[in-house]
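Welcome! Please take a moment to look over the sequence and the model below, and then we will walk through it together.

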Amino acid sequence: MTTPAKAAEAAVKTSGVKPPDPMTPLDVLVEKYAVVPDGNFRYCPGCGLGMAQSALIRAFHKLQLDLTKVGTSGGSGCYAIMPHYFKSNHHHGSHGRACAVATGMKLANPELPVLTIQGDGDMLSIGGNHFIHAARRNIDITAVCFNNFGYGDTGGQYAATTPKGSKTETSPYGMPEEAFDPCKLAIGAGASFVARSTVSHPVHLTRVLAEAIAWKGFAFVEVLQHCHVLWGRRNGMPEATDMMNYYRENSVFNTDSLTDEERFNTPTYYSEEEKEGKYVLGILHQEAKPEFSEEYAKLRERARAEMEGKAGARA
Ligand SMILES: Cc1ncc(C[n+]2csc(CCOP(=O)(O)OP(=O)(O)O)c2C)c(N)n1
Ligand code: SF4
Ligand SMILES: [Mg+2]
């Protein structure tokens, strides 16, 4: 399927403009897209957030985004400092409200690319209501969810995404509740682009983030991002590498059409049994449908014409 990102890539190829070099060193890109006041990112050593951030920066580079003309919205959590580093116009709001703020940003300035950068707790626990309604409206927002299976910033309590049976600060005998499947939730709520990847698949993650940002409509990306310090340690994976291997060994792709770099030895599934108990990675849903800020602009035009017509008839 031709996606907007692929169309943009094809346009670059035919225009003679040099495409962005995917081998550009990360420190050059960090300089271009971020400001890190004391030179240190404030994540625990080995945290998946650093890897997720690198993929997001590489996605900005792939699309040659001018971040000073991008709006970002987020809330509270370990992840929440990330968009403060970016050169985007960032709103750090109340925990869970990023989709509501992003909706306002987009309606006030429909030309502005808008991203929410959120944790799983922020987006899908306290913020679940805002999330499903933004998805339902299919407003042109890219919603990036860093899923580390719980509340990192407050000490590792369980959230709506914590795998059943796993141990957390508040479920020492194992999480008794079923977890949300964030991608199924997004599809059910009406998102027109839904994808999942992991920090153990950085090339794939970069591509799906770029595709999501280029998508017109509500685009959701679930990024499996380890917190080895809180969740991993309590579940037999105390090192960052333990969790990175866990993602690779417990994931399957939904497609064969991947480069070796994207695949990173993770197989494709061909039957229901092969995906049972695995994280299914890939672009899981894509559907062209009307986008809310455009529909809203049309509605305003109709209302304006009607009001002007009535005023003319009265004159
Ligand atoms: C309204 C409100 N409720 C609760 C909190 C406390 N709080 C701060 S961060 C956080 C959890 C964040 O979890 P998540 O969004 O998954 O981000 P992570 O820390 O895991 O990256 C909570 C509950 C808050 N700041 N505001
Ligand atoms: S507590 Fe977990 S999610 Fe938070 S910075 Fe540390 S490793 Fe990352
Ligand atoms: Mg979290």
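## A buried phenylalanine

Let us start with F149, which counts as buried because 26 C-beta neighbours lie inside 10 Å of it. Keep in mind that this is a predicted model. F149 sits in the loop between β4 (142-147) and α8. Its phi is near 70°, a positive value in a residue other than glycine. That deserves a second look, because most residues other than glycine have a negative phi.

Now compare Q64, whose phi is also positive, near 50°, although Q64 is not a glycine either. You will find Q64 in the loop between α3 and β1 (71-74). Is Q64 buried or exposed? With 11 other C-beta atoms within 10 Å, Q64 is exposed.

## The overall picture

Stepping back, the protein has 14 helices and eight strands. The C-alpha trace spans about 75 × 50 × 50 Å along its principal axes. A compact globule of 315 residues would have a radius of gyration near 20 Å, and the protein agrees with this because its own value is 20 Å.

Of the 315 residues, 45% count as buried. What share of the contacts with a separation of 6 or more joins residues 24 or more positions apart? In this protein, such pairs account for 66% of those contacts.

## Two ligands, two shells

Ligand 1 is surrounded by 18 residues, and the closest are G77, G119, G121, D122 and G152. Which helix gives the most to this shell? That is helix α6 (residues 120-126), with four residues. Sorted by class, the shell around ligand 1 has six nonpolar, nine polar and three charged residues.

Around ligand 2 you will find Y43, C44, C47, L49, C78, N148, G152, C227, V229 and L230. This shell divides into eight nonpolar and two polar residues, with no charged ones.

## Two helices that cross

A pair of packed helices is described by the angle between their axes and the distance between the axes. For helix α2 (residues 26-33) and helix α3 (residues 48-62), the angle is about 75° and the axes are 10 Å apart. The two helices are therefore roughly perpendicular to each other.

Which residues meet here? From α2 come L26, L29, V30 and Y33, and they meet S54, I57, R58, F60 and H61 in α3. By class, the residues of this contact are six nonpolar, two polar and one charged.

Look next for W231 in helix α10 (residues 228-234). W231 counts as buried because it has 23 C-beta neighbours inside 10 Å. Leaving aside neighbours within four places in sequence, W231 is in contact with N148, F149, G150, G156 and T168, so our opening residue F149 is one of its partners. W231 and E169 are 62 residues apart along the chain, yet their C-alpha atoms are separated by 8.6 Å.

Finally, find G190 in the loop between α8 (182-189) and β5 (193-198). Why does G190 count as partly exposed? The reason is its 17 C-beta neighbours inside 10 Å, since a residue needs 20 or more to be buried and 12 or fewer to be exposed. Not counting residues up to four places away in sequence, G190 touches A135, R136 and N138.

Terms used:
Residues numbered from 1 in each chain as written. Chains lettered and ligands numbered in written order. Predicted model: local features only at pLDDT ≥ 70, side-chain atom pairs only at ≥ 80, totals over all residues. Rg over C-alpha atoms; globule rule 2.2 N^0.38 Å. Contact = placed C-beta atoms within 7 Å. Near = placed C-beta within 6 Å. Nonpolar A, V, L, I, M, F, W, Y, C, P; charged D, E, K, R; others polar. Axes fitted to C-alpha atoms, helices over the stretch in contact; angles between N-to-C directions. Parallel < 35°, antiparallel > 145°, perpendicular 65-115°, else oblique.
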